[in-house]
Every structure is written in structure tokens, then in C-alpha cells.
Amino acid sequence: MKFSSISSISVIILLFLSISNWFFEIKKWQTLVSSITEISFIEAKAQSLGALTASLWTPNRIGDYGAKALYFQASLRKKIMLLNLVGNSAQMGVTTGFGTVGLGYYVLHFYPEFNHKAIFIWLATFIAMGLLVISILRTKWFGGQKKTINRLFVFIKKISHKIILKVVLSALVRYLIFSLQFYYLLHLFGVDINFMVAMTTISSMYLLASIIPSILIFDVVVKGGIAVYLFGLIGVSEPVVLSVVTLIWILNFALPSVIGSYYMLRHKLPKTVS
């Protein structure tokens, strides 16, 4: 399919889905921050999109934490970073939940061939990291940090259940939006695929992509490689898959980051309270 064959209605639907995706991300952030201070939707939008731009060149969007914290007084920055962790964890939790079910269905029905050497290396790395964490937990340094860690858990427990529920629902709606957007793009490219098969493949792709460390600006490469393999097993051509993944990245990351760069240029650090 050529770009010229996409109707204006299709473009409007795609843009609407992208705007909706970011609307719920901004509302999720506004809801989280409301647990410690009130910010407007406009402020939440500037912080979310500005942080997106700042995180483009950092592994797994780590820069997002520091960028959002800079919008607040120094006394609130640690709490803001923790709230950001809660929000990202909620999104990751939804991705993991759907992805685990989807991947299980996909493996049982399409019997993908896995690279056993790569799996062995991944498991060995995972075990090594686990042993490293255990060794750190046994050190005196960690013992001295227990009070700090306990304070963090206390802070999380103080966030109301209503706010947590809203955050999880926003994460769920976002997940459904960009999954449906992916499916809609497949439809636009003329791919005749069962809805359930498509959604389980999409959820498997997002799960696998989320556990591979990558820089956001190269996220399209990671997702593209995984998507080509998974969709290839169900008969979708490589050019179509790569086109869909690229368009998803442009609509949901590249375009919002352009807007975010405007907010970054306008941002002034808050004055330190003496």
C-alpha cells in the first residue's frame, strides 16, 4: 500500500488514537502528582512531553525521571522521581500481564523457533543479576540504606487507592489504544488477519521489546526486529511490518517529542526555596 492510498479519515483516526494515547499518559502523570501537589493538565502535558524529548537518548527512558523532577522544587524531586517509577511500573505491569498471556497463546499455536544460545545467555545474565542483588542485600551498605528504603515504601503506601486505581486504568487504556492502533495500521496495509491472532502477536511483541534494554530513539529498530520475526510466522510480509512499526513510532514518539522540545526550550528551573 502507498501513502497516497490512505484516506483522510484514516489519517484522522490514527492521529486521534495517538492524541488519545498521550492524553491518558498526561492524565496519569497529573493524577500521580496530585498525591503531593496540584498541577494543571497544561503543566502535566509540558512535563510529560518535555520529559519524553529528554529521554530519547537515554537507555530505557531513564532520562524521563530526571527531566520531570526538574519541573519541581528541589524538596519534591525525590518524591516526583518515585511517583514516576510508580507510573512506569503500572504501565510495565499492564504490558507484562497482557504480554504473558499473549506470548503463551502465540507459542502454543505457532511454535516459534527460539535461539537456545541466546536464551541460555539471557537466563545466565538474569541469574547473575539475581545473585548480585542478593550479595548487595547482605552488605553493610544495604543495611545502612534500610531506613531510606522503608521510607520509600511508606511513601508509596500513602498514595491513595483511588489514585493508584486511576493510574492503572490510564495505563490499561493506553495499552489498548496503541495495540488497536497497530492492528488498524495492519488493516490499512491490507493484512487479512484474525483479530485475536493479531492482538496476541502485538502483545507478545511489546512484552519482548520491553525487556530488551534500548535507547528510545532506536526503539523502532528493536520492535521492528521482534515484530518481523513474530508476524513473519503468521504470514505478514517484512516490508508491511516494518512500515507499521515505523509509523507507530513516528505517531507516538517522534511527533510528540517535537512538541516536547518546544516545552523544553521554554522551561525555566523553579526557584529554590530558601
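Helix 1 gives the nonpolar surface patch its largest share, three residues. The model described here is predicted.

**The surface patch**

The patch consists of V11, L15, I19, I250 and L255, which together have about 400 Å² of accessible area. Two helices, helix 1 (8–33) and helix 10 (238–266), each contribute at least two of its residues. One member, L15, is found in helix 1.

**The nonpolar core**

The largest nonpolar core of the model contains 61 residues. Within this core, W29, F182, L185, F231 and V244 have the most contacts. At least two core residues come from each of helix 1, helix 2 (41–54), helix 4 (77–110), helix 7 (161–188), helix 8 (195–210), helix 9 (219–232) and helix 10. Helix 10 supplies the largest share of the core, 11 residues.

With neighbours within four places in sequence left aside, W29 touches I39, A44, Q47, S48, K68, F72, I80, L83 and N84.

**Aromatic pairs**

The count of aromatic pairs comes to 10. One of them joins F98 and Y175, whose ring centres are 5.0 Å apart; the planes meet at 20°, so the pair is stacked. F98 belongs to helix 4 and Y175 to helix 7, and the pair links these distant parts of the chain, 77 residues apart. F98 is partly exposed, whereas Y175 is buried.

Y183 and F195 form an aromatic pair of the edge-to-face kind, with 5.1 Å from centre to centre and 85° between the planes. Because Y183 lies in helix 7 and F195 in helix 8, the pair ties together parts that are 12 residues apart in sequence. Both Y183 and F195 are partly exposed.

| Residue | Relative accessible area | Class |
|---|---|---|
| F98 | 36% | partly exposed |
| Y175 | 2% | buried |
| Y183 | 23% | partly exposed |
| F195 | 42% | partly exposed |

Y175 counts as buried because its 2% is under the 20% limit.

F98 and Y175 also belong to one aromatic cluster, together with F178, F182, Y206 and F231. Two members of this cluster, F182 and F231, are also among the residues with the most contacts inside the largest nonpolar core.

Note on methods: Residues numbered from 1 in each chain as written. Predicted model: local features only at pLDDT ≥ 70, side-chain atom pairs only at ≥ 80, totals over all residues. Heavy atoms only, no water. Patch = residues over 30% accessible without salt bridge, like charges linked within 9 Å, V, L, I, M, F, W, Y side chains within 5 Å. Areas by Shrake-Rupley, 256 points an atom, 1.4 Å probe, with all protein chains shown as cover. Salt bridge = Lys/Arg side-chain N within 4 Å of Asp/Glu carboxyl O. Helix = DSSP H or I, 4+ residues; strand = E, 2+ residues; numbered from the N terminus. Core = buried A, V, L, I, M, F, W, Y, C linked by side-chain atoms within 4.5 Å. Buried < 20%, exposed > 50% of the residue type's maximum accessible area, 1.4 Å probe, protein only. Contact = heavy atoms within 4.5 Å. Phe/Tyr/Trp six-rings, centres within 6.5 Å; stacked < 30°, edge-to-face > 60°.
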